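Please look at the sequence and the structure before reading on.

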Amino acid sequence: MNIELKQIKIRDLVKGYHNDEESGRVVGYDSKLDIRPSYQREFIYKDKQREAVIDTVFKRFPLNVMYWAVREDGSFEVIDGQQRTISLCQFVSGDFAFDFRYFHNLQKDEQEKFLDYDLMVYLCSGTDSAVCSGTDYCFDFYWTYCSPHFTVILFTFKARLYLK
């Protein structure tokens, strides 16, 4: 498995964002990112959690790292970070206000500062067996790097393998 840390601006993440309520398909990153692959749960953040994500960006605090799998065709799918990703996209799309202000009501410089925020994303690539084959390597990797979310991420990778 190859793991690469990449900085992605919010402006790039939200480009092409679309949430198809009927099919459940959610995409972003110029439609190259599958934000809600079939094995992911629905969006469950409550208002306070969603607002905490936006507040973190406005305060320029670091947002937790996200994990994306690189697909064979060069597109991506979210492994960890779906709730944060959707929160960011919904705010920029005007689905909710933060501190009584919708994104489109922010001053231009505030919008630009928000959109220029760098997200930290680990891109995980390789064959399915290299990404997670049930070996000790897989266990060690996730225990070391993802221990707070270990169960969710390990399940997600296993589901990715079996639900294709």
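In this predicted model, K32 lies over the face of Y29, at 5.0 Å from the ring centre, where a charge counts as sitting over a ring if NZ of Lys or CZ of Arg is within 6 Å of the ring centre and within 35 degrees of the ring normal. Residues are numbered from 1 along each chain as its sequence is written, and side-chain values use heavy atoms, with hydrogens and water left out. Local features need pLDDT of at least 70 and side-chain atom pairs count only at pLDDT 80 or more, whereas totals for chains, interfaces and linings use all residues.

**Charge over a ring**
- The charged end of R50 is placed over the ring of F96, 3.8 Å from its centre.

**Aromatic pairs**
- A search of the whole structure finds 11 aromatic pairs, counting rings of Phe, Tyr and Trp (its six-membered ring) whose centres lie within 6.5 Å, with planes under 30 degrees apart taken as stacked, over 60 as edge-to-face and the rest as tilted.
- Y29 and W68 form an edge-to-face pair, 5.2 Å centre to centre with 65° between the planes, and this pair links distant parts of the chain, 39 residues apart.
- Y29 is buried, with a relative accessible area of 13%, and W68 is buried at 1%, where buried means under 20%, exposed over 50% and partly exposed in between (1.4 Å probe, protein chains only).
- The ring centres of F91 and F103 are 5.8 Å apart and their planes are at 80°, so this pair is edge-to-face.

**Aromatic cluster**
- F58, F91, F96, F98, F103 and F114 form one aromatic cluster.

How values were computed. Helices (H or I, at least four residues) and strands (E, at least two) are DSSP runs, numbered from the N terminus.
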